[in-house]
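Here is a colleague's note for someone new to reading protein structures. Please keep the model open while you go through the points.

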Amino acid sequence: MKKLDYHFHSHFSADSEELPRKHVTEAIAHGLEEICFTEHRDFYFPGMDFSLNLPEYFQEINRLQAEFKDKIKIKIGLEMGIDLRFKSEINQFIDSAPFDFVLSLIHISEPTRQAEISY
């Protein structure tokens with residue numbers, strides 16, 4: 001069985017301050033063969049800015065891929081918050097970069113969103 005983890009967040013996500021390098025070295029220390037960073041991107045999330053600087057993100061992960069190529073496979077992914085009000089923006093964002101893997105999640109339910117918007 002292949003040892004992998006496809007759910008890493010680093011300082012590129014608003015909910016983490018961890019350096020990607022730290023995740024890579026920990027993954028290697030735990031015997032993982034493959035990892036994928038899946039940084040957050042939401043077009044609406046109350047109280048947090050889940051934007052994502054794609055050029056910086058890809059540049060840093062590409063450096064780590066080159067540095068650790070003989071020790072672990074590192075993929076570049078995305079955890080996209082699904083909100084149908086932003087369907088076009090979501091599709092454009094996903095198509096704007098060569099992601100290896102995309103998770104799509106509903107982070108906030110519609111009733112919660114409506115209650116927050118109405119305040």
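The numbered points below go from the overall fold to single residues.

1. **What you are looking at.** This is a predicted model, in which local features need pLDDT of at least 70 and side-chain atom pairs count only at pLDDT 80 or more, while totals for chains, interfaces and linings use all residues. Residues are numbered from 1 along each chain as its sequence is written, and side-chain values use heavy atoms, with hydrogens and water left out.

2. **The parts list.** The protein has four helices and four strands. Both are DSSP runs, numbered from the N terminus: helices are H or I with at least four residues, strands are E with at least two. Along the sequence the pattern is β-α-β-α-β-α-β-α.

3. The protein has 119 residues, and 39% of them count as buried. Buried means under 20% relative accessible area, exposed means over 50%, and partly exposed lies in between (1.4 Å probe, protein chains only). The accessible surface comes to about 7,200 Å². Carbon and sulfur atoms hold 53% of that surface. These areas come from the Shrake-Rupley method with a 1.4 Å probe; for residues, only the protein chains shown count as cover.

4. **Contacts along the chain.** A contact means heavy atoms within 4.5 Å. Take the contacts with a separation of 6 or more: 70% of them are between residues 24 or more positions apart.

5. **Strand pairing.** Look at strand β3, residues 73-81. Eight of its nine residues are buried, so the strand is mostly covered (the cut-off is under 20%). Strand β2 (residues 34-41) runs parallel to β3, and eight bridges join the two. In this pairing, E39 stands opposite L78. Strand β4 (residues 101-105) also pairs with β3 in the parallel sense, over five bridges. There, G81 has L105 as its bridge partner. Two strands pair if DSSP finds at least two bridges between them.

6. **Handedness.** How does the chain get from one strand to the next? β2, helix α2 (residues 54-67) and β3 form a right-handed β-α-β unit. From β3 the chain crosses through helix α3 (residues 87-95) to β4, and this β-α-β crossover is right-handed. To check this by eye, point the strands away from you: the crossover is right-handed if the path from the first strand over the helix to the second runs clockwise.

7. **The core.** Which residues have the most contacts inside the largest nonpolar core? They are I35, Y57, I74 and F99, in a core of 23 residues. Helix α1 (20-29), β2, α2, β3 and α3 each supply at least two core residues. Helix α2 gives the most, with five. A nonpolar core is a set of buried Ala, Val, Leu, Ile, Met, Phe, Trp, Tyr and Cys residues joined through side-chain atoms within 4.5 Å. In soluble globular proteins, nonpolar side chains tend to be buried together.

8. Now find I74 in strand β3. Is I74 buried or exposed? I74 is buried, because its relative accessibility is 5%. Leave aside its neighbours within four places in sequence, and I74 is in contact with V24, I35, F37, I61, L64, Q65 and F68. The C-alpha atoms of I74 and E33 are separated by 8.8 Å, though these residues are 41 apart along the chain.

9. **Salt bridges.** The structure holds five salt bridges. A salt bridge is a side-chain nitrogen of Lys or Arg within 4 Å of a carboxyl oxygen of Asp or Glu. One of them joins E34 and K2, at 3.0 Å from N to O. E34 lies in strand β2 and K2 in the segment before β1 (4-8), so the pair ties together parts 32 residues apart in sequence. E34 is buried at 5%, whereas K2 is partly exposed at 47%.

10. R21 and E67 meet in a salt bridge at 2.6 Å, N to O. R21 sits in helix α1 and E67 in helix α2, so this pair links parts 46 residues apart in sequence. R21 is partly exposed at 40%, and E67 is partly exposed at 45%. D83 and R85 form a salt bridge at 2.9 Å, N to O. D83 is buried at 6%, whereas R85 is partly exposed at 40%. Finally, salt bridges that share partners join K2, E34 and K75 into one network.
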